[in-house]
Amino acid sequence: MRLSRFHLATVKEVPADAEIISHKLMLRAGMIRKLASGIYTWSPLGLRVLRRVEAIVREEMNRAGAIELLMPSIQPQELWEETGRWQKFGGQLLKIKDRKQAGYCYGPTHEEVVTDFARHELKSYKQLPVNFYQIQTKFRDEIRPRFGIMRAREFLMKDAYSFHVDADSLAVEYRNMYDTYTRIFTRLGLRFRAVDADTGAIGGSASHEFHVLADSGEDAIAFSSGSDYAANVEKAEALAPTGERPAAQATMESIDTPTQKTIDELTAFLGVAAAQCIKTIIVRGNQGLVALCVRGDHEINEIKAARLDELPGESVLADEAEIEGAIGCKPGFIGPVGLPDSIPIIVDRDAALLADFVCGANAGGKHLRGVNWERDARSTRIADLRKVVEGDAAPDGTGTLSIARGIEVGHVFQLGSKYAEALDATVLDDQGKARIMSMGCYGIGVSRIVAAAIEQNNDEAGILWPEAMAPWQVVICPINMAASAAVRDEAERLYNELTGRGIEVALDDRGLRPGSMFADAELIGIPHRIVIGDRGLAAGTYEYRRRGEAENQSLSRDELLALFA
């Protein structure tokens with residue numbers, strides 16, 4: 001590609017609305033341009049990278065035996081009502097009406113559509129297993145789109161759906177997709193980790209997330225120092241501590257804490273450790289309010305809490321009016337002592353081992369010290385309620401947990417029969433009886449991978465693309481080619497030779513000064529730079545530098561071409 005004929009529009013200034021490095025660099029490199037909140041145009045440069053990712057995803061999905069199709073992005077309301085998700089999916093579902101006032105949505109995912117396709121196309125167990133996939137635009141109406149394409153409302157996704165006659169067949173394909181994702185992210189040159197995950201709104205019996213490791217990642221990943229165990233912190237179990245609860249030593253007493261509502265304020269005021277305090281959170285349960293108790297140095301895991309039998313499948317904080325009406329006290333001073341019998345008290349495993357602890361007194365401006373379970377405070381039951389932290393014992397019993405940040409770029413689910421049952425998607429089994437199919441669901445955020453790769457691979461000069469994702473592998477920078485026929489001819493000759501070898505080459509024939517050419521090449525992250533000048537030609541050498549390295553190399557033509565053999 002001759003850059004004089006390509007739309008390359010880099011800028012030096014960091015855009016004011018860009019918060020993370022991938023957003024800044026994608027705008028500076030001219031890869032994307034904002035159209036509306038969370039909606040972006042991909043420039044020719046950005047699209048080259050996006051298509052490279054898409055090609056690897058497609059190649060590996062085909063290799064794995066999946067079959068590509070393309071489903072409508074606009075989906076009818078009645079189909080979503082069959083599964084009950086028209087209301088349950090929430091505000092992210094963009095609902096629209098046509099001229100006849102019929103309801104539709106812009107697809108955020110395609111479980112309904114693909115299951116409808118399968119129930120009409122698949123009739124016999126002999127057609128199974130089968131895995132259909134597409135690479136297509138999705139839309140989710142995020143409350144606060146941010147971070148550029150990392151959390152955009154419109155995005156490109158590869159979603160696949162497999163159909164099976166039984167759970168054993170589903171498990172086999174699930175492993176196939178797990179291995180396929182591993183190959184995809186390995187080929188893309190990314191440092192990643194597959195982690196055990198919660199199934200979330202999609203549902204199902206098992207799932208794994210694939211995370212690109214980056215300090216800017218929104219998700220926290222827990223992994224073991226002694227094994228391959230890894231899980232999203234939302235999923236990772238906090239094992240019950242060993243040992244017995246110490247015997248009570250202190251007498252419970254009330255203390256004035258007029259303005260100390262938070263754990264940090266309380267510990268500083270009383271001079272006690274956060275680990276010796278109890279935090280009580282009041283949430284809405286199935287039959288009224290529920291109290292959740294954790295140690296002061298721990299955080300409630302909302303995903304774990306949502307699974308409690310006492311809660312309706314989600315963890316929603318009670319509002320101030322509800323709490324004050326039921327307990328007679330505003331949040332900030334709530335504790336387990338003397339709560340009404342109508343409120344179940346569920347205590348985290350670590351919190352249950354505390355003795356002589358500090359907690360709210362259920363009275364404004366007061367806390368209690370020297371509190372003990374059973375003697376002073378009741379508990380309905382003990383459960384795993386908290387997020388794991390660095391140094392916790394690994395759930396598989398090997399080593400301790402470390403916490404890293406990750407960007408989720410892929411997710412695989414064993415859906416089971418959830419959608420097939422709702423849409424009555426059956427096939428005839430080998431006995432001629434109708435059987436509900438089992439399903440798997442496998443998603444990759446194709447556009448999100450681009451941003452995640454930048455978050456993981458950048459420096460002060462710009463992007464450091466893994467070679468498989470770069471818009472071009474090589475850039476040729478001729479110095480003053482307009483005034484030197486020798487430089488111009490050699491640039492053309494080298495460009496044609498490398499292109500003939502199947503290498504993607506950018507020839508910077510825009511006539512820019514060397515500093516501007518080099519700055520653009522580094523900003524957009526081209527892995528290999530070759531500089532051709534009169535002085536080098538006279539010496540029979542080319543100036544070569546690999547992106548990210550500090551020094552240039554002077555190479556002969558043979559040495560240079562050997563790099564791209």
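Predicted model: local features only at pLDDT ≥ 70, side-chain atom pairs only at ≥ 80, totals over all residues.
**Exercise 1. Describe the salt bridge between Arg 175 and Asp 179.**

Solution. Start with the distance: the two side chains meet at 3.0 Å, N to O. Next, look at the helix (a DSSP run of H or I, at least four residues; a strand is a run of E, at least two; both are numbered from the N terminus). Arg 175 and Asp 179 are 4 residues apart in helix α6 (residues 167–187), so about one helical turn separates them. Last, check accessibility, where buried means under 20% relative accessible area, exposed over 50%, and partly exposed in between (1.4 Å probe, protein chains only). Arg 175 is partly exposed at 47%, and Asp 179 is partly exposed at 31%.

**Exercise 2. Is Asp 508 buried or exposed?**

Solution. With 2% relative accessibility, Asp 508 is buried. Its salt-bridge partner is Arg 510, with the closest N and O atoms 2.9 Å apart. Arg 510 is partly exposed, at 24%.

**Exercise 3. Work out what lines the second largest cavity.**

Solution. First, the terms: on a 1 Å grid over the protein atoms alone, a cavity is a set of points where a 1.4 Å probe fits but cannot get out, and lining residues have an atom within 4 Å of a point. Grid points are joined across faces, edges and corners, and a volume is the space filled by probe spheres set on the points. The second largest cavity holds about 30 Å³ of space. Both partners from Exercise 3, Asp 508 and Arg 510, are among its lining residues, as are Leu 3 and Val 475. Helix α13 gives the largest share, 4 residues. Now sort by class: Ala, Val, Leu, Ile, Met, Phe, Trp, Tyr, Cys and Pro are nonpolar, Asp, Glu, Lys and Arg charged, and the others, Gly among them, polar. The lining then has 7 nonpolar, no polar and 3 charged residues.

Methods
Residues numbered from 1 in each chain as written. Heavy atoms only, no water. 1 Å grid on protein atoms, 1.4 Å probe; cavity = no way out; pocket = protein on both sides within 12 Å on 5 of 7 lines; lining within 4 Å. Salt bridge = Lys/Arg side-chain N within 4 Å of Asp/Glu carboxyl O.
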